Amino acid sequence: MPALASLLKFTGVFSLGILSGIHINFSTATLDAIITLPSAGAAQRAFVISLGKLRQVVRPLEVAATASLLTAFLFGGRRGRHGYLLFTGLMPMIGIALEKSRMAGVEIGVVNVQTRKKKGGENVDVNGEVVRSGMEAWRVWGLVRGGLVAFGFAMGVVGIWGDGA
């Protein structure tokens with residue numbers, strides 16, 4: 001059992017490290033590139049597509065990190081049940097709660113920006129200032145979420161180092 005617990009700890013902390021890098025990269029470099037697109041409509045579409053791709057990558061990592069760290073806590077035995085496993089395992093779940101409570105409203109504001117229509121029914125213009133301000137607000141919450149996961153990662157690294165696992 002100690003070997004299984006060590007493997008689960010390593011898997012969870014490794015997943016947290018990848019998650020923190022993805023969140024921070026998306027909130028900085030990717031959103032910067034999207035904001036600099038020549039039209040607000042293109043930026044809006046790129047933002048929606050990028051968020052979909054982000055979630056496809058991030059959700060399995062969040063589940064893997066949380067499940068492996070909480071399972072390591074359960075299988076850790078008497079000496080292996082450390083509180084840091086619970087805290088690090090809950091960081092992705094706190095990030096999901098943050099996304100549902102704060103980031104979803106900002107995202108809906110960017111996705112549902114009112115457009116003007118031509119007589120033919122095709123979109124002419126998207127309010128660029130609303131799209132830009134929404135993306136910048138999403139960036140702030142994305143950095144907070146990435147910071148939470150990075151804090152969990154750092155706590156996990158210190159915890160594994162202290163365990164000697």
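Reply: Let us start with Tyr-84, which lies in helix 4 (residues 83–111); helices here are DSSP runs of H or I with at least four residues, strands are runs of E with at least two, and both are numbered from the N terminus. This is a predicted model, in which local features need pLDDT of at least 70 and side-chain atom pairs count only at pLDDT 80 or more, while totals for chains, interfaces and linings use all residues. Residues are numbered from 1 along each chain as its sequence is written, and side-chain values use heavy atoms, with hydrogens and water left out.

Me: How much confidence does the chain have, and where is confidence lowest and highest?

Reply: The predictor's confidence in each residue is called pLDDT and runs from 0 to 100. The chain averages a pLDDT of 86, and 90% of the residues score at least 70. Confidence is lowest in strand 1 (residues 115–117), with a mean of 54, and highest in helix 1 (residues 2–35), at 92. Where pLDDT is low, the predicted coordinates should not be read in detail.

Me: Is Tyr-84 buried or exposed, and which residues does Tyr-84 touch?

Reply: Buried means under 20% relative accessible area, exposed means over 50%, and partly exposed lies in between (1.4 Å probe, protein chains only). Tyr-84 counts as buried because its relative accessibility is 12%. Contact means heavy atoms within 4.5 Å, and, not counting residues up to four places away in sequence, Tyr-84 touches Lys-9, Met-155, Gly-156, Gly-159, Ile-160 and Asp-163.

Me: How do helix 1 and helix 2 lie relative to each other?

Reply: Axes are lines fitted to C-alpha atoms, for helices over the stretch in contact, and angles between N-to-C directions run from 0 to 180 degrees. Angles under 35 degrees count as roughly parallel, over 145 as roughly antiparallel, 65 to 115 as roughly perpendicular, and the rest as oblique. The axes of helix 1 and helix 2 (residues 40–75) come within 8 Å and cross at roughly 160°, and the two helices are therefore roughly antiparallel to each other.

Me: What is the angle between helix 2 and helix 5?

Reply: Helix 2 and helix 5 (residues 128–163) pack at an angle of about 20°, with their axes 10 Å apart, and are therefore roughly parallel to each other. Among the residues that meet there are Phe-47 and Leu-51 in helix 2, and Met-135 and Trp-138 in helix 5.
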